[in-house]
Structures are given as C-alpha cells and as structure tokens.
Amino acid sequence: MTQMLADGNVENAPSTVTTALRQMFKAGGFAPALLKSLSPPHEGGGQTPLRLVPAALTPSRFMPALRSYSGLRHRESRLDPGPVTLGRIGALEVRLATTAADVRRAQRLRYEVFYEEMSAIPAAAARLARRDFDHFDTICDHLLVLDHDDCRLVRGRRVPRVVGTYRLLRQEIAMRHGGFYTASEFDIAPLLARHPHRRFLELGRSCVLRPYRTKRTVELLWHGIWAYVRRHGVDVMFGCASLEGTDTAVLARPLAFLHHFAPAEAEWSAQALPGNAATLDLLEADTIDAKAALNELPPLIKGYLRLGAQIGRGAVVDRQFGTTDVLIVLPVERIHPRYLDHFGVNAERHAA
C-alpha cells in the first residue's frame, strides 16, 4: 500500500499511509462521515458507536474507503487492461486511467458537473475533497477524454485536462466485489440470471465539462467504449441514465415516451426497486407529442436510444443527485449497423 501511495505518477498523493490517515482524519468533518460508514449497524437498526478506532479499521472495511478516496484501484481491476489509448480526434484523446492521479482527476470532474453545476448534494467527505468518489471507483475502469491543448505542468511534465469521463465495470469483477452499482436502484438479478453465458458491462458516472459537450467529444467517448467492449468480449451494456429533476409530474412527457416507445423486451427487462420507485406510465401514448418528448430527453439517453437501447420498468428518484433514473439495457447484437459501420467493427475509425 505504501509503495502504491508513493508512486511517482500519483499527483499530489500522500507519500505514506500515515500521511494519508493524518489527512483523512484531521478535524473538519471527514472523519465522522467515514467512521459512520465503517460502523456496523445494530440488529434493530442504526449505527453501533465505535469504541476503538483501530477495531473499525479492518482491511475489509477501511481499505476500500481509503482506495476510493486516494484514487487507488484494486489490483484485479488493473490486470490486462489492454491498450491505454483508445482513440483520438485532433487534440482530444480518449484513454483509460492508469494512475491514481488519473482517477482523482475524473472524480474532480464528476464533482464539478454533478455537485457544482447540477443539484447533487455532496456528503461531507466529498465536499472536503471536492471529488465525487465511492467504493466502486476501486474496481472500475475509468474512461477519460483529455484535451492536449489545455495542459498544466505537474512535476515538470505537461498534464492534459480531463474534460469527459465514463466509469466501466465488467461483470466478472463486479461479481467478486459486491456486485453492480445499478443493483442499488433496479432488480437486475433476474436479468443477469436469464443470460448466464453473456458478459455484462455496467456504464455509469458519465459526464462532460460544459464547453466540451459537442458531437466530437461524445463520439470519442463512444468510440472508447466500443473499443473497450471489443477488447473484453462484452455482450451487453447496461446502467442507470438520469433525467435532471425529481418531480416526475414535470418529467411526465419524456418518461411516458420512454415507457411507450422504448420498453425493454421481457428477456431484457428489470424492475425498479421499491422505496424510491416511480412509474413511467404517466400519460397515454396517443397524447404524447413525440418530438417534444425527444427534445426533453437528455442527449445521453437519446444517444442510447439511437444505438438501440431499451428501457427497464419504472424509474428511481435519486434525491441526493437530484435526478430521476431509468435503466438502460443495450445488447451488442442490437446496436444499429450504421453505428458499427461508423466506428468500425473493431473500433478503427478514431484509433490512435
């Protein structure tokens, strides 16, 4: 662990675990938030008070929290990553994160978009770090779009700005480390069970810096995903996609459009978990202005639909992030042929 933290490629990383712990547990709110997350619950609910800090800092609980905060990834997620650079258009490059510094830069971008631009509510630890992070960061691959025309000097070398990111989680890794993020919102276990011989890839935490929300950036992100899919033999992509806002009455038209015109077939469907679930069927199909509904959908969801994605049953209201989430399921075999032709069967169009 100390060796990883002392990696010369890790930008502004603590040089030792002791330094990391001092930074994490200094006064200011981070320690209570982290310790609460490490405390085991009472049998009747609530949190058990910590009597001794060392007893709480067992590897199974503490190490994932430290890794995610530091940007470090589990060794299994770093095996056989394939080519680092996946494509390039002009000054923009799409590649995988290779260092803890890369992951932290993606986390900072997510914080800027989700918490500063949009209406997500940060936990104390995220607010202090000014980064969006969770334990899934330690087992995921992080796809980055970099702008080589916007660099800063770090230890004498030019580091391009991260302007877009996607988080990728392969099924074989997820199943060995607690499952998928999507399982916290949708009942995906039956979906996975219906396709035991297919390889699933979860897509999540997608965001692009406002000035870069152009066709070129989005195309490069999708080129990177397609190159990754081909590299790892992925059969099905899925994940949560968000509409901004938590008032489903305001979102009635786009939600109803997804329900009536893009429903998942039975074999690809999954139901929203109860608790924060909301219905999509808010309007009758013949009352929906399809053009207006499409205009109200986020570009990301429209992009999924153009590729051939299907929508799960129900939605989930995520009040922390200020969004209403739907389930996207995209079998590779259903991707529209024109997009395969566009990117190239083996992602050669923008290959670096």
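Contact here means heavy atoms within 4.5 Å. By that rule, the buried residues of helix 11 are covered by elements including strand 7, helix 12, helix 13, strand 10 and strand 12. The model is predicted. The count of salt bridges comes to 20. The largest pocket has a volume of about 1,300 Å³, and the structure also holds two cavities of 30 Å³ or more.

**Helix 11 and its cover**

- Helix 11 spans residues 252-261.
- Its buried residues are Ala 252, Pro 254, Leu 255, Ala 256, Phe 257 and Leu 258.
- The cover over these residues includes two helices, helix 12 (290-296) and helix 13 (299-307).
- Strand 7 (236-244), strand 10 (310-311) and strand 12 (323-331) are also among the covering elements.

**Thr 324**

- Thr 324 lies in strand 12.
- Thr 324 has a relative accessible area of 0%, and buried means under 20%, so Thr 324 is buried.
- The side chain of Thr 324 reaches the backbone oxygen of Gly 245 at 2.8 Å.
- Beyond its neighbours within four places in sequence, Thr 324 is in contact with residues including Ala 241, Ser 242, Leu 243 and Gly 245.
- Leu 255 is also among the contacts of Thr 324, and Leu 255 is one of the buried residues of helix 11.
- Ala 315, Val 316 and Val 317 touch Thr 324 as well.

**Salt bridges**

- Side chains of opposite charge can pair when their charged atoms come close.
- Arg 130 and Glu 116 form a salt bridge through their side chains, at 2.1 Å from N to O.
- This pair links distant parts of the chain, 14 residues apart: Arg 130 is in the loop between helix 7 (124-129) and strand 3 (141-154), and Glu 116 is in helix 6 (residues 100-117).
- Arg 130 is partly exposed, at 43% relative accessibility.
- Glu 116 is partly exposed, also at 43% relative accessibility.
- Asp 134 and Arg 167 meet in a salt bridge at 2.9 Å, N to O.
- Asp 134 sits in the loop between helix 7 and strand 3, and Arg 167 in strand 4 (residues 157-170), so the bridge ties together parts 33 residues apart in sequence.
- Asp 134 and Arg 167 are both buried.
- Asp 150 and Arg 161 meet in a salt bridge at 3.2 Å, N to O.
- Asp 150 belongs to strand 3 and Arg 161 to strand 4, so this pair joins parts 11 residues apart in sequence.
- Asp 150 is partly exposed at 28% relative accessible area, and Arg 161 is partly exposed at 36%.
- Shared partners join Arg 110, Asp 132, Asp 134, Asp 137, Arg 167 and Arg 205 into one salt-bridge network.

**His 342**

- His 342 is in helix 14 (residues 337-343).
- His 342 is partly exposed, at 28% relative accessibility.
- Leaving out residues up to four places away in sequence, His 342 touches Glu 219 and Arg 349.
- The side chains of His 342 and Glu 219 make a polar contact at 3.0 Å.
- His 342 and His 223 are 119 residues apart along the chain, and their C-alpha atoms are separated by 9.5 Å.

**Largest pocket**

- The largest pocket is lined by 42 residues.
- Tyr 166, Ser 206, Pro 298, Pro 299 and Leu 300 lie nearest the centre of this pocket.
- Elements giving two or more residues to the lining include helix 6, strand 4, helix 10 (215-232), helix 13 and helix 14.
- Strand 6 gives the largest share of the lining, seven residues.
- The lining divides into 22 nonpolar, eight polar and 12 charged residues.

**Cavities**

- The largest cavity holds about 90 Å³ of space.
- Its lining includes Trp 222, Trp 226, Leu 307, Tyr 339 and Phe 343.
- Helix 10 and helix 14 each supply at least two residues of that lining.
- The lining of the largest cavity has 10 nonpolar residues, no polar and no charged.
- The second largest cavity has a volume of about 50 Å³.
- Leu 203, Phe 238, Cys 240, Tyr 304 and Ile 328 are among the residues lining the second largest cavity.
- Strand 7 gives the most to this lining, with five residues.
- The lining of the second largest cavity divides into eight nonpolar, one polar and no charged residues.
- Met 237 lines the largest cavity and also the second largest cavity.
- Leu 330 likewise lines the largest cavity and the second largest cavity.

Definitions and conventions. Residues are numbered from 1 along each chain as its sequence is written. This is a predicted model: local features need pLDDT of at least 70, side-chain atom pairs count only at pLDDT 80 or more; totals for chains, interfaces and linings use all residues. Side-chain values use heavy atoms; hydrogens and water are left out. Buried means under 20% relative accessible area, exposed over 50%, partly exposed in between (1.4 Å probe, protein chains only). Helices (H or I, at least four residues) and strands (E, at least two) are DSSP runs, numbered from the N terminus. A salt bridge is a side-chain nitrogen of Lys or Arg within 4 Å of a carboxyl oxygen of Asp or Glu. A polar contact is a pair of N or O atoms within 3.5 Å; within protein, one must be able to donate a hydrogen and the other to accept it, and residues adjacent in sequence count only if both atoms are side-chain atoms. On a 1 Å grid over the protein atoms alone, a cavity is a set of points where a 1.4 Å probe fits but cannot get out, and a pocket is an open set with protein on both sides within 12 Å along at least five of seven lines; lining residues have an atom within 4 Å of a point. Grid points are joined across faces, edges and corners, and a volume is the space filled by probe spheres set on the points. Ala, Val, Leu, Ile, Met, Phe, Trp, Tyr, Cys and Pro count as nonpolar, Asp, Glu, Lys and Arg as charged, and the others, Gly among them, as polar.
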